[in-house]
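Dear colleague,

The findings follow directly after it.

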Amino acid sequence: MKKYILEITVFISWFIVLTYEVVWARVLGPFYGTSIFVWTAMIGIILASLSVGYSLWGKLADQKNARKEVLADMLFFASICVAITYIIRIPLLEYLTTSIHSIRMGSVIAATILFLPASVFLGMVSPYAVKLRITWESHTGSIIWNMSALGTIGSILGTFITGFYLIPSFGISSLLATLPIILGVLSLFIAPHHKKYLKLVYIFLLVFGVGFWKNTSANPLLVDERDTLYSHVQILEGINYAMNERVRMLRINVENHSSMSLDSDRLVNHYGEYYHLVRHFMPRFKDALMIGWAGYSYPKEYLKKYPWKTMDVVEI
């Protein structure tokens, strides 16, 4: 396996680059939406960051005495950058959305801060790995072709596997927490004796620190949360002090979708009371159609108020 360590490194690094991009598109979505502006910002920043990485370490690769320890450091620094973005992503995005009201500017700045540093280091991997392989072997053309092909295959698989399987199965938070661990382990595997104890301590802190961070930074009202094929969904419970009742809330992305009292059948969101105006406009109504059930809060109210009538609910 060590014979092909450079090829494995290029494949994994490109897999992670595209995984990182798809994940961050979902992270930005709740704050900036999933419009063309967000995807333009993501694609533009990743291309810019990879270009910077190619340029910086392409020049380094031309220097003599290429060493695998340098390649290991690239992955190590990329791991640190990913770990930092995992920690700061939510408070940073909340700050940017309240401070910068332009979706174009906000998404570009967010993508630059959160995505560019790690991508620059990952962009350095391929040219330096090619340089190392060339110093070990003499088949320059086939080496460059093989590395390019492996990087492309890794990016394709990273895109499809992340979008179709990893995000629905494991969620955004778990993926972001796993990526720096993978990069740290790969860095240690490439150069086992280079900064060995520092990397071991770092990986240990990542493995145990992630769980601690998730527990301490979690919303105390949070009951459960899931990443679906479309959105990030949270269930929260707390006290509505205006009603003096316990309330369960459904939040989709960063917006409250619906709420329901756990202590009574009263409506929590008062806009639902306006639906009773149907009695004014159509006093003799017999049934109703509701498009979008809002957590079934109003349909339950409707059946309580009008037990002799019916309602069909169509979820959007």
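In what follows, a contact means heavy atoms within 4.5 Å. The model is a predicted one.

By that criterion, and leaving aside residues up to four places away in sequence, Leu 176 touches Tyr 20, Val 23, Trp 24, Val 27, Val 82, Tyr 86 and Arg 89. Leu 176 is also one of the residues with the most contacts inside the largest nonpolar core, which has 58 residues; the others are Tyr 20, Trp 24, Tyr 32, Leu 71 and Leu 93. Two or more residues of this core come from each of helix H1 (5-32), H2, helix H3 (68-99), helix H4 (103-123), helix H5 (125-136), helix H6 (140-170) and helix H7 (172-190). The most is given by H1, with 15 residues. A second, separate core has 7 residues, including Leu 267, Phe 285, Tyr 298 and Met 311.

Within helix H2 (residues 36-61) lies Ser 49. Because its relative accessible area is 0%, Ser 49 is buried. Its contacts, again not counting residues up to four places away in sequence, are Leu 116, Ser 119 and Val 120.

The model also has an open sheet of 4 strands in the order E1-E2-E3-E4, paired antiparallel. Strand E1 (222-227) and strand E4 (255-261) form the edges, each pairing on one side only. On average, neighbouring strands of this sheet are turned by 20 degrees against each other, direction ignored. E1 and strand E2 (residues 232-240) run antiparallel and are joined by 5 bridges. Asp 227 stands opposite His 232 in E2.

With kind regards

Technical notes:
Residues numbered from 1 in each chain as written. Predicted model: local features only at pLDDT ≥ 70, side-chain atom pairs only at ≥ 80, totals over all residues. Heavy atoms only, no water. Buried < 20%, exposed > 50% of the residue type's maximum accessible area, 1.4 Å probe, protein only. Pairing = 2+ DSSP bridges. Axes fitted to C-alpha atoms, helices over the stretch in contact; angles between N-to-C directions. Core = buried A, V, L, I, M, F, W, Y, C linked by side-chain atoms within 4.5 Å.
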